[in-house]
Amino acid sequence: MAAASNLSPVKQMETLLECSICNETLTQPRTLSCFHSYCKHCLENFVATHRKKAVKEKAKVPEVFECPLCRTEFHIKKGESVEKIPSNHFINNMLELLTLQQQVHHINCQSCKAKDPAASRCISCESYLCEKCLEVHNNWLAFEDHVVLTLEELAKPENRAKARDKPRCEKHNKVLKFYCETCNVLLCRYCVDVNHARLEHLWFPLADVVLKHKEVLMKSSAIFERQMNKALQNNQKIEHVMEALNNNTMKAKDAIIQQQQDILNVLTKKVEERTAILLDQIDTKYNEASKPLMKQQADMKAYFQKAKSSLDFAKNIISNGSDEEILLLKNEVEEKAINIGKELPEQMDPVHNGSIRYQAKPSKGVLEHVTLHDLGRIGMYRHYDNFNYHAYTN
């Protein structure tokens, strides 16, 4: 698992905009509560596959599904589709910027019927303009204060936020320019005048409050990063124990086979029969030992993905989000940051130390009684319990 801090901002944005199911750039994205986004059709196929499996097995059609990456649950009732999962304004804007960078010379004018290739964008009008429309626009006195950038200028990282359309009020279709601290919502000018009077509501222009809320997002990002690193470190411990378990298992098998060779000269057939039994036993012990580790590793990886996706999302909002997006999403991110620690797997350290051994009896002592029912003993793993080991043997 690669740490998100090692990725450049551009790579982080590309990762955020890639569907983990099809490994392609997102199409009609749907974002889950864990901040993982998927193509709408990929998520539809994912849900349909699980429903078909339930029908085939004559089981109840599921209404609860798990994120393919981190296993966070999301709900889709019977008869509903992924259409009910909302798209994310921030993700959609990032996709538009990516398209702009990839197709900088293939955008059409939005101001005339000719639909000639656009040459620039008026930031104030939120519209792309061809050469002819740009000339008319620049000669219009009412537009003399408007900011106009060429497509090449828009493609630069420092200008990419200017290519976005401003989110608008659903009631009045006006640009959202204010934030009500009382209601935690974005407002247009009409909302402020009609429904958010000063005596009952405390509201401010976006620019006056966005820095404060961006600081909250940064604190949430710090929580996500700490939890992600914690999951990464503990997963490394589990991987080391898994490696030790494999090595110790091979050593135990080697010891059994070596003992087998010592006895073969006298009792080849019986030794082989007993050896096969012991090898099965060591495999059984290995399976018993590896199952809890594999489950723990899966839980740790899932928790890592939860922390990572939240961190990536928060960092991208901080780096790339508009003022409106920061304010729209900060509460959700902050709540996620507060609750992320509660979702830690119950057992963070490896459940045992991966020890499996074989204690062989001296071949001479075995041959004295010509009894091959007890060639040796297989030592079991030790459970971790507050860093204390509990040994098990068979």
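These questions and answers concern a predicted model of one protein chain.

Reader: How many helices and strands does the secondary structure of the protein chain come to?

Author: The chain has 394 residues, and 43% of them are buried. Among its contacts with a separation of 6 or more, 61% are between residues 24 or more positions apart. The secondary structure comes to nine helices and 13 strands.

Reader: Which residues touch the most other members of the largest nonpolar core?

Author: This core holds 64 residues. The members that touch the most others are Phe-74 and Phe-313.

Reader: From where does the largest share of this core come?

Author: The core draws at least three residues from domain 1 (9-103) and at least three from domain 2 (217-353). Its largest share is 29 residues, and the helix that provides them is H7.

Reader: How many residues are in the second, separate core?

Author: Among the members of this second core are Leu-176, Cys-180, Cys-188 and Trp-203. The core is separate, and its size is 14 residues.

Reader: Is H7 parallel or oblique to H8?

Author: The two helices pack with their axes 7 Å apart, at an angle of about 40°. An angle under 35 degrees would count as roughly parallel. The angle of about 40° therefore makes H7, relative to H8, oblique.

Reader: What is the handedness of the crossing in which H7 passes H8?

Author: Two packed helices are described by the angle between their axes and the distance between the axes. For H7 and H8 these are about 40° and 7 Å. The crossing of H7 past H8 is left-handed.

Reader: Is Met-348 buried or exposed?

Author: Met-348 lies in the loop between H8 and strand E11 (357-360). Its relative accessible area is 15%, and the cut-off for burial is under 20%. Met-348 is therefore buried.

Reader: How far apart in space are Met-348 and Lys-230, C-alpha to C-alpha?

Author: Not counting residues up to four places away in sequence, Met-348 touches Lys-230, Asn-234, Gln-296 and Met-300. Met-348 and Lys-230 are 118 residues apart in sequence. In space, their C-alpha to C-alpha separation is 8.9 Å.

Definitions and conventions
Residues are numbered from 1 along each chain as its sequence is written. This is a predicted model: local features need pLDDT of at least 70, side-chain atom pairs count only at pLDDT 80 or more; totals for chains, interfaces and linings use all residues. Side-chain values use heavy atoms; hydrogens and water are left out. A nonpolar core is a set of buried Ala, Val, Leu, Ile, Met, Phe, Trp, Tyr and Cys residues joined through side-chain atoms within 4.5 Å. Buried means under 20% relative accessible area, exposed over 50%, partly exposed in between (1.4 Å probe, protein chains only). Helices (H or I, at least four residues) and strands (E, at least two) are DSSP runs, numbered from the N terminus. Domain bounds come from an automatic or database domain assignment. Axes are lines fitted to C-alpha atoms, for helices over the stretch in contact, and angles run from 0 to 180 degrees between N-to-C directions. Angles under 35 degrees count as roughly parallel, over 145 as roughly antiparallel, 65 to 115 as roughly perpendicular and the rest as oblique. A crossing is left-handed if the near helix is turned anticlockwise from the far one by less than a right angle, and right-handed if clockwise. Contact means heavy atoms within 4.5 Å.
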